[in-house]
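Biologist: I am new to this structure. Please show me how to read its features, one at a time.

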Amino acid sequence: MRLSILIPVFNGQDFIDRCLNGILDQGIPSDAYEIILIDDGSTDDSLTIARSFVDKHPNIRLFSQQNQGAYATRNRLLELAQGDYIYNFDIDDLLVGNNLLRILDHAEERQLDMVGFRSSTIAEIGENGTQLPLCNPMEFDSGRDFIQSFPYHRVEVWWYLVRKGFLVENAIRFQDNANNADVVFTYSVLFNCGKMAFFDCVNHHYCLSENSIMRANQFKKRMEVVHSMHDMVLSLDDFVNRQAHEDIEASVLRIVNDRVSHFALFNMANMVRIGMAFEDIQQRISSLEFREIYPFDKRVFERMKLKTRLLVQLMNNRLFLRVGTTICKQLR
C-alpha cells in the first residue's frame, strides 16, 4: 500500500463530510491508500457519521476508544498504518483538490524520506478553501538543509508526508504533550531524514473553527494551551541540547534555538493576555532563565516586524508583566 492518511477524531461531526470527501477526491486509486480514523471518545455524532463512510469506502478503517488524547491516538494510528508513506491529518482540515497524488508520486519516484508543502488558514466550517495548482518541488539532500533554506518553516504534522520505514528505523514517535507534541516529532524527522522535497505552494487548508482549542474563550482551556506550550518549549530546548552532542551543523541548531525563543515569547504574551497569575508567570520565567531562554535576546527578533520587536521589550519588563496580567485578569 502506498499511503496511510491518519486522522484522530474527537467531536468532529461538523467537519467529517468535508474532510473525508476532500481526501477521497485526490485521484488516488482506492486500493493504493487507506484512511484510518480513531474516534477518541467523541460525545457527538462523529462515530455514526464516520461509520457511514466506512460502509461506502472499503479503504477507510475506523476504530474507537475511550478518550486517550490526540498524541496517544496518533501513536496508535502510526502502529496501525500499512502504507509506505504516512500523512498525519486533522478532521477539521482539508486538502486542495487533486494534488496529493502528484506529491505521493514524487516522493516515491525520488525515494524521499519526507515531502512537504504549504498551508493556508480558513475561518468557517462551510468554507472549502482555494483550489490551487501544484508548483514544482525544491529538492534537499537532508531535512537539515531544508531548515537552513527555510528558517521560518512550520512544524505542524499536516505539512508533511513521511516515509513510514524511516520513522520505524529511527524509532520516532509522538511525545506526551497535550497540544504541541508535533513540534518535537517534526524536528526529530527533520534532523534525521535524508532526501526530501518541498512544494512551496498551498496544498492544505487549516480551519480555525470556533471550537478550536487555540481560540477557545474559556479560561481553563486557555490555561491548558499555555501550560502545554510551555512544556513544549522545554521539551524542544532539551531536544536541541541533545542534538548539540551529535554531528549537527551549528547553523541548524541556531535556527531551531531561535524558534524556541519565538515559541516562548508568544506563549508568555498569551499568559499575560488570559490574565494568568503573575506568580505563575514568574515560575515559568524561572525555568526559562535556567535554560538561558529568558530574558529574550533582541537579536533573535531583529528581522521580525516592529510589533514583535516591541513585544520582546514588553515581555522582558517584569513590571509590565505584573501590571498587564493584573489588568487582563480584571477584564477576564
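Modeller: Start with handedness. A crossing is left-handed if the near helix is turned anticlockwise from the far one by less than a right angle, and right-handed if clockwise. Helices (H or I, at least four residues) and strands (E, at least two) are DSSP runs, numbered from the N terminus. The crossing of α8 and α9 is left-handed. One caution: this is a predicted model, where local features need pLDDT of at least 70, side-chain atom pairs count only at pLDDT 80 or more, and totals for chains, interfaces and linings use all residues. Residues are numbered from 1 along each chain as its sequence is written, and side-chain values use heavy atoms, with hydrogens and water left out.

Biologist: At what angle do α8 and α9 pack?

Modeller: First, how the angle is taken. Axes are lines fitted to C-alpha atoms, for helices over the stretch in contact, and angles run from 0 to 180 degrees between N-to-C directions. Helix α8 spans residues 219-243 and helix α9 residues 250-273. They pack at about 165 degrees, with axes 10 Å apart. That makes α8 roughly antiparallel to α9. Angles under 35 degrees count as roughly parallel, over 145 as roughly antiparallel, 65 to 115 as roughly perpendicular and the rest as oblique.

Biologist: Which residues of α8 and α9 meet?

Modeller: Contact means heavy atoms within 4.5 Å. On the α8 side, the residues include Val225, Met229, Val233, Leu236 and Val240. Among their partners in α9 are Leu253, Val256, Val260, Phe263 and Met271. By class, this contact of α8 with α9 has 13 nonpolar, five polar and one charged residues. Ala, Val, Leu, Ile, Met, Phe, Trp, Tyr, Cys and Pro count as nonpolar, Asp, Glu, Lys and Arg as charged, and the others, Gly among them, as polar.

Biologist: How does α8 pack with α10?

Modeller: Read the angle again. α8 and α10 pack at about 10 degrees, with their axes 11 Å apart. That makes α8 roughly parallel to α10. His227, His230, Val233 and Leu234 in α8 meet Arg284, Ser287 and Leu288 in α10. The residues of this contact divide into three nonpolar, three polar and one charged.

Biologist: Is the crossing of α10 and α12 left-handed or right-handed?

Modeller: Right-handed. Helix α12 covers residues 318-331, and its angle with α10 is about 145 degrees, with the axes 10 Å apart. Phe278, Ile281, Gln282, Ile285 and Glu289 in α10 meet Arg318, Leu321, Arg322 and Thr325 in α12. By class, that contact of α10 with α12 has four nonpolar, two polar and three charged residues.

Biologist: How many residues of α7 are buried?

Modeller: Buried means under 20% relative accessible area, exposed over 50%, partly exposed in between (1.4 Å probe, protein chains only). In α7, 11 of the 12 residues are buried. They include Val183, Phe185, Tyr187 and Leu190. α7 runs over residues 181-192 and reaches 17 Å from its first C-alpha to its last, close to the 16 Å expected. That expected span is 1.5 Å times one less than the number of residues.

Biologist: Where does asparagine 11 lie?

Modeller: In the loop between β1 (3-9) and α1 (16-24). Asparagine 11 has a positive phi of about 50 degrees although it is not a glycine. Asparagine 11 is partly exposed, at 30% relative accessible area. Alanine 171 also has a positive phi of about 50 degrees. Alanine 171 is exposed, at 63%, and lies in the loop between α6 (164-169) and α7.

Biologist: Which peptide bond is cis?

Modeller: The one from tyrosine 294 to proline 295, with omega near 0 degrees. Proline 295 lies in the loop between α10 (278-290) and α11 (306-315).
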